[in-house]
Amino acid sequence: MSIYLVNTIVYLKRFIFILLTFKISILLQSCSGLDNRSSAKTLRLNEGFENPIGFYTNQPTFSWKLPSEIVAQRSYQIVVASEPELLPDHADLWDSGKLDSDQSIFVPYAGEKLSSRDVFFWQVKFWDEKDVPAPWSETAKAELGLLKNSDWDAKWIGLNTRADSIKTAKTIIIHTPQHLRKDFEVKAELVTAKLYVSAKGVFKGFLNGKPIGNDVMAPGWTPYKKRIETLAYDVTDMVQNGSNTLGFQLSSGWHFGRLLWNKMVWGKTGSPKVLCQLELSFADGTKQVVNSDNSWKGTTEGPIRFAEIYDGETYNANYEMPGWATPDYDSSQWKGVNVSDLDEGISLHPKRHSSVKNKVTIPTKSILRPKDEAGVIFDLEQNMVGVPLVKVPMKKGDTLRIRFSEMLAPEGLFYTDNYRSAKSTDYYIANKDGLIEWSPSFTFHGFRYVELSGFDASQAPQKNWVNGLVQFSDFESNGTFSSSDEKLNQLQSNIVWGLRGNFFDIPTDCPQRDERLGWTGDAQVFTPTSMYNANVHAFWSSWLQSLRESQFENGGIPFVAPDVLENGKVSSGWGDAAVIIPWNIYWYSGDTSVLKENYAMMKAWVQHHKDESTDLVSHMNSFGDWLQPYQSKKSNKRGDTSKSLIGTAFFAHAAYLTAKTAEVLNKKEEQQIYETLYQDISKAFDASFFDETGKVKNGKGTQTGYLLALHFKLLPNYKISGAQENLLETIDEADNHLRTGFLGTPLLPFVLDQMGEGKLMYSILFKETYPSWFYSINQGATTMWERWNSYDKLEGYNPQSMNSLNHYAYGAIGQWMYERIAGIKPLAAGYKKIHIAPLPGGGLTSADGAYDTPYGRATSVWKIQDDKFYLQVNVPSNTSALITLPSSFPNNVTVNGEVLNTEHHKNVTKAVDGSISFEIFPGHYSIKSIKSK
């Protein structure tokens, strides 16, 4: 009996049981019309928004998940209404009607046009594979933000802080933080109160003395010359009848702070500003709007005396203003604010991904008091990004100094040299004796160790004096991975913490030194791994908008986005983020809108590649295979692989992915153009860089050179085996160690895997010595490092000034850990079809992988015991899966206790290497096979 037939019988029995139960319930419950089947769940809009307020688009897409007992969806119906009472039978905005389709993700809205502030409610109903209807889902809600500049009546307001603010390195002005406030009266019965707010700088809002929201460093970082994000808050419960006060703290942030090597990009004139619009609706139908305008007052005499991203924050409690954002506060000595109109050409638009928030709290694990050090060191035992929460005894007038470090020097001394010019120091000045509790508001740090000095010396330091508030963009975990090897598990942890540390509103390269920029090369290699570990679909879609806005007129893509360098330069492998990331996000999410939004950018970048080539051979600038280990001195950190080879390879790959994108978007003519271009570039690549034996010519044959040729499929078939042999030779020469940098490393596991060299890949992965993933773990790493040898327990830090201990690029190996060690990867966009193909090796006896696909949770849990391979699989509803069992365990396969027989099951295939594959329906499966003899 086939697996398909077995499952069909199981589901048919389940259906009959449900049907009988339904009929009985009708007889017993006076024919109410209800059934006991589960409805659709996890209703989301666009990139995963749940009941959003201030939603960013009037063109929503709808997604939902089916109950686990459902095999597939045959049809669906969506209803959208302006009031929940109109659902489901009287939807006034859109009723899709019953549509025969299995699509349950990213269904586009096709109803009445939506506008700023509109509120809509929606439900969905599905019919299963037997055309049996489920009940209507629960009602979901969304409220649009202010989508156009013309929706704003408010003005930019703030004090002129340019004249009296602090000058830091190279005379960059850091504006003194401001406090702004406005009193207003509410005399009617309030129904709703919605606050729309943004800033040139970063802000924290308060209403009647209470904080508005819990966002950190809001509104975030975009190309400010083109777009500034806005946020929306429902503050109905915070407004009181009678007197009210709206207040803001305002600081420089990215807009007016120094960036990279003491450069100022946007805030060269003017001062930080706030823009806010509080819209009140009353029961009698009237409305009231409290805008930011010339009626507001402000002061720079608050307790936050200095705040800057790189350098830290200074808080002087002697300047505290209790109740400053309440109606009872006397603000008669405050100044009037400066007012300016909205900027023509700069779009104000709702934020399209979640703000940074305090996500995790880490306690101190141990305290160190090294000799010859003035301070006490608190070890959190985890390199993290955020701010400290200190609870410290102090004496009035004393200054608490708080410093940060990622790793101590070998002798235990505090080390900050790799922060370069970033002072990364916070100060708190006490206004009384006793215990103070404080954390900074307008800065963030990358650190494991916190050094305190200036506290009450009569008190013995306690662990509870310091906690780490971990901050990152507000996304949740999307997958889990673990194995029987503890160092591999630590590698997984390091990857996750590297992600958390560098997904701070944009994907940054590092979080601690005077940089923290959105480097494109780092981003493109890490995207798949990030999608496995976190729900970052919206995060990437938002950053891609910044990338589009940063693209040069000639199609070039800058090194970083937002582009703070403004040098007009590009790099192959880095600028290719414009093509690689949109495709990856589509492939792992199934969302075609990311391709539609970025298709023009992709085409312009391919054209720029072409413009930077001669006879399709690239002469584009390149960072090369950045930080390749053991490179020649003349390489200047760019590795030994030919820059022209790298540029031409990525040119071909960009054309290939653009052709694939055109295919998805049903642009057949353009698809053909880019497919032909890809083939032509491949021929030019082969002729220029490889001889007839598949060996690199006119340059050094490196691991990365061969990996690019093989992974991007740039060689004719007759040269592939030769190139593979040459790759293996370079690996053997390195004693099975890495000789790859940022570009080559992500490709290595997949090329070796495709070659059938899984054993070799495990050997490389499990190496303990430099350069390897486990080397950093052996040196105490709790995050990914910028260099393979950033730190050594005996020798300390690498002497190079560019040396971050929190850099996610080499964490790209996480993709292979999920897709091949655990064995979960998509065979169709968005995991509509899933490949469960675990690859045991490296002495592992078990691995456990889980991933929340757009359709539901997929799991692959395997173990080896007594020469038997056990595999537990969960396939989410409305998908299918191809199971491939390891070649070393092909005998006597059983699925849920039923024997899998290759002679009698047409859905079973056996590969040349001995592995067995078969397809399964949604559900949970227990699979067992026995090792070959």
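Mentor: Let us begin with a cluster, in which ring pairs link Phe472, Phe475, Phe503, Phe526, Phe539, Trp540, Trp543 and Tyr808. The model is predicted, so local features need pLDDT of at least 70 and side-chain atom pairs count only at pLDDT 80 or more, while totals for chains, interfaces and linings use all residues. Residues are numbered from 1 along each chain as its sequence is written, and side-chain values use heavy atoms, with hydrogens and water left out.

Trainee: How many aromatic pairs does a search of the whole structure find?
Mentor: The search finds 65. Rings of Phe, Tyr and Trp (its six-membered ring) pair if their centres lie within 6.5 Å; planes under 30 degrees apart count as stacked, over 60 as edge-to-face and the rest as tilted.

Trainee: What makes the pair of Phe203 and Phe248 edge-to-face?
Mentor: Their planes stand at 80°, with 5.9 Å centre to centre, and planes over 60 degrees apart count as edge-to-face. Phe203 lies in strand S15 (residues 202–207) and Phe248 in strand S18 (residues 242–251), so this pair ties together parts that are 45 residues apart in sequence. Strands here are DSSP runs of E, at least two residues, and helices are runs of H or I, at least four, numbered from the N terminus. Both Phe203 and Phe248 are buried.

Trainee: Why is the pair of Trp324 and Trp334 called stacked?
Mentor: Their planes lie at 25° and their ring centres 6.4 Å apart, so the pair is stacked. Trp324 and Trp334 are both in the loop between strand S23 (312–316) and strand S24 (335–336), so the pair ties together parts that are 10 residues apart in sequence.

Trainee: Why does Trp334 count as buried?
Mentor: Buried means under 20% relative accessible area, exposed over 50%, and partly exposed in between (1.4 Å probe, protein chains only). Trp334 has 9% relative accessibility and therefore counts as buried. Trp324, with a relative accessible area of 11%, is buried as well.

Trainee: Why is Thr42 called partly exposed?
Mentor: Its relative accessible area is 30%, so Thr42 is partly exposed. Thr42, in strand S1 (residues 41–45), has a positive phi of about 50° although it is not a glycine.

Trainee: What makes helix H12 oblique to helix H14?
Mentor: The axes of H12 (residues 758–765) and H14 (residues 813–822) come within 13 Å and cross at roughly 135°. That makes H12 oblique to H14. Axes are lines fitted to C-alpha atoms, for helices over the stretch in contact, and angles run from 0 to 180 degrees between N-to-C directions. Angles under 35 degrees count as roughly parallel, over 145 as roughly antiparallel, 65 to 115 as roughly perpendicular and the rest as oblique.

Trainee: Why is H3 called roughly antiparallel to H4?
Mentor: The axes of helix H3 (residues 520–533) and H4 come within 11 Å and cross at roughly 160°. That angle makes H3 roughly antiparallel to H4.

Trainee: Which residues of H3 and H4 meet?
Mentor: Thr520, Ala523, Thr527, Ser530 and Met531 in H3 meet His537, Trp540, Trp543 and Leu547 in H4, where contact means heavy atoms within 4.5 Å. The residues of this contact divide into 5 nonpolar, 4 polar and no charged. Ala, Val, Leu, Ile, Met, Phe, Trp, Tyr, Cys and Pro count as nonpolar, Asp, Glu, Lys and Arg as charged, and the others, Gly among them, as polar.
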